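Work through these exercises with the model open beside you. Try each task before reading its solution.

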Amino acid sequence: FWEQIAETVIGETVPEDWLFDSLIVDEGQDFDQTWVEILRLFLKPNADIAWLEDQDQDIYNRQPGPLEGMVGYNCNTNFRSPETIARFIHRVLPFDFENANDLPGLGVGFEGYDQTEDQIKIVAHIVGQLIKQGFNHSDIVILTSHGHNHSVFSKLQKVGNYSLRQFTGDYDIFGNQVLTSGKLRFDSIYRFKGQQAPAVILVDVDPSPEKLEQQLRLLYCGMTRATVKLELVYNRSNDFCSRFWD
């Protein structure tokens, strides 16, 4: 869908009233160089650009290229993660940030699996416990550390007694994702990036030693989606995951 949109834009003449004085780009670390050039088509000469990015959440390894003449400002403050979750992230991941959220949150839970399929029963139990604690279905998100179509949850319609709501692969005419009906949102960290939820359950937590740096950034991104409670469902045989309880 977006590739077709990009090709269409490049082939069109941009009218005068579609040229802008300023541009604000969020999540700049995820931008492809081609996207930057397309956006430049919509800018007046000497337009102002504000470019926001977080290299700790660079999960695509894209290089948009240098933006010449820009003044840099660094801020590593995390306002989303409550104290208990932020403390856990500091302990297990190699990312430095200042925690500015004074709320305690409900901390981090973690449970290991031996077989990939074991996660289904584990997650059903976790969801039940979260519901008992007062979370609504809409408060809970299940996020896979793999791609959306490469998880044991990808083809499921239900986890326990809870129906799953997930991306169908289609978009509406406005470019919005079309989701199935269901009580619990299931998605990938990649697709859920930039969003948040009170309770986040990360599944398929099994970082590969060959791609450890990138996958730790992916975990960091996933962990910082939670605003109250974080749950990790990890592979017991993965050496990195042993630091969760150290």
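Residues count as exposed when their relative accessible area is over 50%, as buried when it is under 20%, and as partly exposed in between. The model is predicted.

**Exercise 1.** Classify Asp21 by its relative accessibility.

Solution. The relative accessibility of Asp21 is 51%. The cut-off for exposed is over 50%. Asp21 therefore counts as exposed.

**Exercise 2.** Find the salt bridge between Lys44 and Asp21, and say which parts of the chain the pair ties together.

Solution. Start with the distance. The closest N and O atoms of Lys44 and Asp21 are 3.4 Å apart. A salt bridge needs the nitrogen within 4 Å of the oxygen, and this pair forms one. Next, place the residues. Lys44 lies in strand 2 (residues 43-51), Asp21 in strand 1 (residues 20-25), so the pair ties together parts that are 23 residues apart in sequence. Last, check the other partner. Lys44 has 33% relative accessibility, so Lys44 counts as partly exposed.

**Exercise 3.** Compare the accessibility classes of Arg191 and Asp187.

Solution. First the contact: their side chains form a salt bridge, 3.3 Å from N to O. Arg191 has 24% relative accessibility, so Arg191 counts as partly exposed. Asp187 has a relative accessible area of 0% and is buried. How many salt bridges does a search of the whole structure find? The search finds ten.

**Exercise 4.** Describe the ring pair of Phe95 and Tyr220.

Solution. Two values describe a pair of aromatic rings: the distance of the centres and the angle of the planes. Rings pair if their centres lie within 6.5 Å. By this rule there are twelve aromatic pairs. For Phe95 and Tyr220 the centres are 4.6 Å apart and the planes stand at 35 degrees, so the pair is tilted. Phe95 lies in the loop between helix 3 (83-92) and strand 4 (98-99), and Tyr220 in helix 6 (residues 212-223), so the pair ties together parts that are 125 residues apart in sequence. Both residues are buried. Elsewhere, ring pairs link Phe88, Phe110, Tyr234, Phe240 and Phe244 into a cluster.

Key: Residues numbered from 1 in each chain as written. Predicted model: local features only at pLDDT ≥ 70, side-chain atom pairs only at ≥ 80, totals over all residues. Heavy atoms only, no water. Phe/Tyr/Trp six-rings, centres within 6.5 Å; stacked < 30°, edge-to-face > 60°. Helix = DSSP H or I, 4+ residues; strand = E, 2+ residues; numbered from the N terminus. Buried < 20%, exposed > 50% of the residue type's maximum accessible area, 1.4 Å probe, protein only.
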